[in-house]
Amino acid sequence: MTYNSRRFRFDGGAGTYLGTALLGVLITVVTFGICYPYALVLNERWRAKHSYIDGQRLIFTGSAVGLFGTWIKWLVLIFLTAGIYLLWVGPRIVQWKWEHTDFDPTTRLSGAQGPTINVNLGHPMRTGDSTHL
C-alpha cells in the first residue's frame, strides 16, 4: 500500500524546465565544463522555486561563484584520475545542493496546513542550580 502525506508539492512545468535545462547544457558545453557551477545553480534555483514542503516554498541560496573554486579543483582531479574522482564529486555536489537549500520565509501557500512546532527559548535551569548539569 502506498502512503502519500501530501506534504510535498511540485508545480514546475515542461516549458520552463526545458528552457532552463537547455541553457544549463549550453553553458556547460560551450565552456567545456568549466562553468558547470553556473548551470547547476540555474537548475537548482528552478527546482527550488517550484518545490513546496508543508506549503512553504524552497529557496536555493547557493551561488556559482561560491562553488567555482572547488569545482575547478574537482575538474582537475577528474581529469588526472581519468574520471575516477567523479565517484567522490557526485556525492559532494548533492551535499552542497542540500546545504544551500532552505525554506523561503516570504512564501506559504494559502490554506496549507503543516505541523506546528512550539519552541521554548527559556532556560530551564535557575542561576546557581547545578543539580541538572
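**Transmembrane annotation.** I began with the UniProt record, an unreviewed entry, which places the feature "transmembrane region" at residues 21-39 and 59-88. The model I am checking this against is predicted. Residues 21-39 come out as 74% helix and 0% strand, and the C-alpha atoms at the two ends are 8 Å apart. For residues 59-88 I noted 67% helix and 7% strand, with the end C-alpha atoms 26 Å apart.

**Whole chain.** I then listed the secondary structure and got 4 helices and 4 strands. Along the sequence the pattern reads β-α-α-β-β-α-α-β. Of the 133 residues, 24% count as buried. I also checked contacts between residues at least 6 apart in sequence: 67% of them join residues at least 24 apart.

**The sheet.** In what order do the strands of the open sheet lie? I read it as β1-β2-β3-β4, 4 strands with antiparallel pairing. The edges are β1 (8-10) and β4, and each has a single partner strand, so one side of each has no neighbour in the sheet. On average, neighbouring strands are turned by 35 degrees against each other, with direction ignored. Helix α2 (residues 36-49) packs on this sheet and touches β1, β2, β3 and β4. The direction of α2 makes about 170 degrees with that of β3.

**Strand pairs.** I went through the pairs that involve β3. Strand β2 (residues 51-53) and strand β3 (residues 56-60) run antiparallel and are joined by 2 bridges. Tyrosine 52 has arginine 57 of β3 as its bridge partner. The hairpin of β2 and β3 has 2 residues between the strands, and in this hairpin aspartate 54 takes a positive phi near 50 degrees. On to β4 (residues 101-103): 3 bridges join this strand to β3, and the two run antiparallel. Here I found isoleucine 59 bridged to aspartate 102 in β4.

**Leucine 75.** I picked this residue in helix α3 (residues 64-80). Is leucine 75 buried or exposed? Its relative accessible area is 12%, and the cut-off for buried is under 20%, so leucine 75 is buried. Leaving aside neighbours within four places in sequence, I find leucine 75 in contact with Gly33 and Ile34.

**Helix α4.** I checked the length of α4 (residues 86-99) first. At 1.5 Å a residue, its 14 residues should span 20 Å, and the end C-alpha atoms are 20 Å apart, which agrees. Which residues of α4 are buried? I get Val89, Ile93 and Trp96. Seen down the axis of α4, the buried residues fall within an arc of 65 degrees, so they line one face of the helix. What covers the buried residues of α4 includes α2, β3 and α3. On the other side of α4 I noted Leu87, Trp98 and Glu99 as exposed.

**Recap of α2 and β3.** Two elements came up more than once in these entries. I have α2 packing on the sheet, and α2 is also among what covers the buried residues of α4. I have β3 bridged to β2 and to β4, and β3 is likewise part of the cover over the buried residues of α4.

Definitions and conventions: Residues numbered from 1 in each chain as written. Predicted model: local features only at pLDDT ≥ 70, side-chain atom pairs only at ≥ 80, totals over all residues. Heavy atoms only, no water. UniProt positions renumbered as here; feature names shortened; annotations may be inferred. Pairing = 2+ DSSP bridges. Axes fitted to C-alpha atoms, helices over the stretch in contact; angles between N-to-C directions. Contact = heavy atoms within 4.5 Å. Buried < 20%, exposed > 50% of the residue type's maximum accessible area, 1.4 Å probe, protein only. Expected span 1.5 Å × (residues − 1). Arc of directions from axis to C-beta.
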